[in-house]
Amino acid sequence: THVVSEACIRCKYTDCVDVCPVDCFREGPNMLVIDPDECIDCAVCIPECPVNAIYAEEDLPANQIAFIKINAELALADGWKSITKRKPALPDAEEWKDKTDKIGELVR
Ligand code: F3S
């Protein structure tokens, strides 16, 4: 599967969802995740993300491994709904796009 990592948090640019052929993105308050049961590993979303948040699971940086479970859990969580059309990024995305260690900012 592919995995949305920390860089998405508080940004949510949503360019990724427009290209997904299987509509596997799920939206939470300040991040998207990929439903691992739907992703077909086509990888077309990777270059679309302006903050390079998306990785093939096997390519995830070591400090992003927690996001495998986070994607799997939140894809099925209450309130996390399918998103298939791009929409404006979060208002303070520019301010947050270069920040690291944002995991504490994730709103479930
Ligand atoms: Fe997030 Fe990048 Fe998509 S910031 S919403 S993974 S385009």
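Trainee: Is C39 buried or exposed?

Mentor: C39 is buried, at a relative accessible area of 17%. Buried means under 20% relative accessible area, exposed over 50%, partly exposed in between (1.4 Å probe, protein chains only). This is a predicted model: local features need pLDDT of at least 70, side-chain atom pairs count only at pLDDT 80 or more, and totals for chains, interfaces and linings use all residues. Residues are numbered from 1 along each chain as its sequence is written, and side-chain values use heavy atoms, with hydrogens and water left out.

Trainee: What is the relative accessible area of C8?

Mentor: C8 has 9%, so C8 is buried.

Trainee: How many disulfides does the structure hold?

Mentor: A disulfide is a pair of cysteine sulfur atoms within 2.5 Å. The structure holds 0. Take C39: the nearest cysteine sulfur belongs to C24 and is 4.7 Å away. C39 is in no disulfide.

Trainee: Which residues are closest to the ligand?

Mentor: Look for a heavy atom within 4 Å of the molecule. Here 13 residues surround the ligand, and C8, T14, C16, L32 and C49 are the closest. C8, already seen as buried, is one of them.

Trainee: How many residues of each class are in the shell around the ligand?

Mentor: Ala, Val, Leu, Ile, Met, Phe, Trp, Tyr, Cys and Pro count as nonpolar, Asp, Glu, Lys and Arg as charged, and the others, Gly among them, as polar. The shell has 10 nonpolar, 1 polar and 2 charged residues.

Trainee: Which residue lies over the face of W96?

Mentor: Check two limits: NZ of Lys or CZ of Arg within 6 Å of the ring centre and within 35 degrees of the ring normal. K99 lies over the face of W96, 5.3 Å from the ring centre.
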